[in-house]
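Open the model in your viewer and keep the selection tool at hand. Each stop below says what to select and what is there.

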Protein chains: 2
Amino acid sequence: MNASHPNPQGTLFVVAAPSGAGKSTLVNALLEHEPAISLSISHTTRPPRPGEAYGEHYYFVDREAFEQEVADGIFLEHAEVHGNLYGTSRKTVQDLMEQGRDVLLEIDWQGAQQIRAAMPDCVGVFILPPSRVELERRLRGRASDSAEVIERRLRNSREEIAHAHEFDYIIVNDRFEDALDDLQAIVRAVRLRAPLQRGRHEALIEELLAPGV
Amino acid sequence: MNASHPNPQGTLFVVAAPSGAGKSTLVNALLEHEPAISLSISHTTRPPRPGEAYGEHYYFVDREAFEQEVADGIFLEHAEVHGNLYGTSRKTVQDLMEQGRDVLLEIDWQGAQQIRAAMPDCVGVFILPPSRVELERRLRGRASDSAEVIERRLRNSREEIAHAHEFDYIIVNDRFEDALDDLQAIVRAVRLRAPLQRGRHEALIEELLAPGV
């Protein structure tokens, strides 16, 4: 069983959620369990939060540099969210996928729409909070954000949630462990899709189809 | 969170494999872990094997009765395999799905093609053995089958496997526990698809979209 393509092209996972749904915590736990997935690092003009590092959480750039990169066409998608610019480098994502790695993008609905148009085989996952009350509780518990930022995020959450149906899968993040199991099941199932499996097990299928009882 | 549709319409899973891939053992283990899935009982003209019961494993009927039922149009699909007729009652499947239950059909590639045409939202899973040698070993270990039956099944396995790519997912049944995890991940992921989740969590989504911070 020396499959000629042990690593067929990787899959791009696009994960979106309103602020406070628990997206980053879920994604970080997924990446711990699934080292074969790479997180795509976005470019942003948003200032780093305490503890955030360049090239690890984001490529932090100023607005002038970002706009030049947009003009140079390096972005697979870019969007303005909460007054800041965010973008994903096309080359970074494609290089990883061609090495057979799965890539995960944390993104908003606007970016997801652009990615879907550019890469229709991507797999979209939307994460919902279990209730409005819980969403507010989680946002207000984030001490680093100002009251003004929290209010803006609450208003923006409705716009984000209105696009949940554009994604392939929806997870309700009520019990964290269940939501993580959901996310892992989606990743596992996507890898079992027939076109990927045919590439991965090409030699086995040839052997099974060869003539002679 | 009194969702108005706690049970949206169930999903139809269609599972196929060459004889000896371990399909029935896998499906039985899945059903033990997932009581929300109902196995659809097929009609067949094949004689019962030792231990098989009417209405539990199959509805065993004679050829004349089967052909009358075909003429009456009661079958969602029917096919002749190894000289025996097999068929699935449309009403049985649809009643279960309308109650919100998932339904699983064990079927061959011909039946799967008919089901796909009649119910395009069904989810197809194909199970492969890990090697030709292992497939033969498993078939020869089934003491109730004659040498002639075994040889015919080996020849037919190639025809079955040639249709694996028509299914949505492919599982290689090498280690049983891994293959069962694969099957469970597919079922879990399918239930998280956006249209089903929107139905299930309609009240939550309305609450999250309602005006007012």
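**Before you start**

This is a predicted model, in which local features need pLDDT of at least 70 and side-chain atom pairs count only at pLDDT 80 or more, while totals for chains, interfaces and linings use all residues. Residues are numbered from 1 along each chain as its sequence is written, chains are lettered from A and ligands numbered from 1 in the order in which they are written, and side-chain values use heavy atoms, with hydrogens and water left out.

**Stop 1: chain A as a whole**

The C-alpha trace of chain A spans about 75 × 40 × 30 Å along its principal axes. Of its 213 residues, 52% count as buried. Buried means under 20% relative accessible area, exposed means over 50%, and partly exposed is in between, with a 1.4 Å probe and protein chains only. Take the contacts in chain A between residues at least 6 apart in sequence: 69% of them join residues at least 24 apart. Contact means heavy atoms within 4.5 Å.

**Stop 2: the annotated site in chain A**

Select A:Ala17, A:Pro18, A:Ser19, A:Gly20, A:Ala21, A:Gly22, A:Lys23 and A:Ser24, where UniProt places the feature "binding site" in an unreviewed entry. UniProt positions are given in the numbering used here, feature names are shortened, and annotations may be inferred rather than shown by experiment.

Start with A:Pro18, in the loop between β1 and α1 of chain A. A:Pro18 counts as buried because its relative accessibility is 3%. Leaving out residues up to four places away in sequence, A:Pro18 touches A:Phe126, A:Ile127, A:Pro129, A:Ser157, A:Glu160 and A:Ile161.

Move to A:Gly20, in the loop between β1 (12–16) and α1 (23–33) of chain A. A:Gly20 has 11% relative accessibility and therefore counts as buried.

Then select A:Lys23, which is in helix α1 of chain A. Is A:Lys23 buried or exposed? At 17% relative accessibility, A:Lys23 counts as buried. Not counting residues up to four places away in sequence, A:Lys23 touches A:Val15, A:Ala16, A:Ala17, A:Glu106, A:Ile107 and A:Ile127.

**Stop 3**

Two packed helices are described by the angle between their axes and the distance between the axes. Axes are lines fitted to C-alpha atoms, for helices over the stretch in contact, and angles run from 0 to 180 degrees between N-to-C directions.

Select residues 132–140 and 147–161 of chain A, helices α5 and α6; their axes come within 10 Å and cross at roughly 145°. The crossing of α5(A) and α6(A) is right-handed. A crossing is left-handed if the near helix is turned anticlockwise from the far one by less than a right angle, and right-handed if clockwise.

Show side chains for A:Arg132, A:Leu135, A:Glu136, A:Leu139 and A:Arg140 in α5(A), which meet A:Ile150, A:Glu151, A:Arg153, A:Leu154, A:Ser157 and A:Arg158 in α6(A). The residues of this contact divide into four nonpolar, one polar and six charged. Ala, Val, Leu, Ile, Met, Phe, Trp, Tyr, Cys and Pro count as nonpolar, Asp, Glu, Lys and Arg as charged, and the others, Gly among them, as polar.

Also in helix α6 of chain A is A:Arg152, which is partly exposed, with a relative accessible area of 29%.

**Stop 4: helices α1 and α7 of chain B**

Select residues 23–33 and 176–191 of chain B, helices α1 and α7, which pack at an angle of about 55° with their axes 10 Å apart. α1(B) and α7(B) are therefore oblique to each other. Angles under 35 degrees count as roughly parallel, over 145 as roughly antiparallel, 65 to 115 as roughly perpendicular and the rest as oblique. The crossing of α1(B) past α7(B) is right-handed.

**Stop 5: a strand residue in chain B**

Finish at B:Ser42, in strand β3 (residues 42–44) of chain B. B:Ser42 counts as buried, at 9% relative accessibility.

Key
Helices (H or I, at least four residues) and strands (E, at least two) are DSSP runs, numbered from the N terminus.
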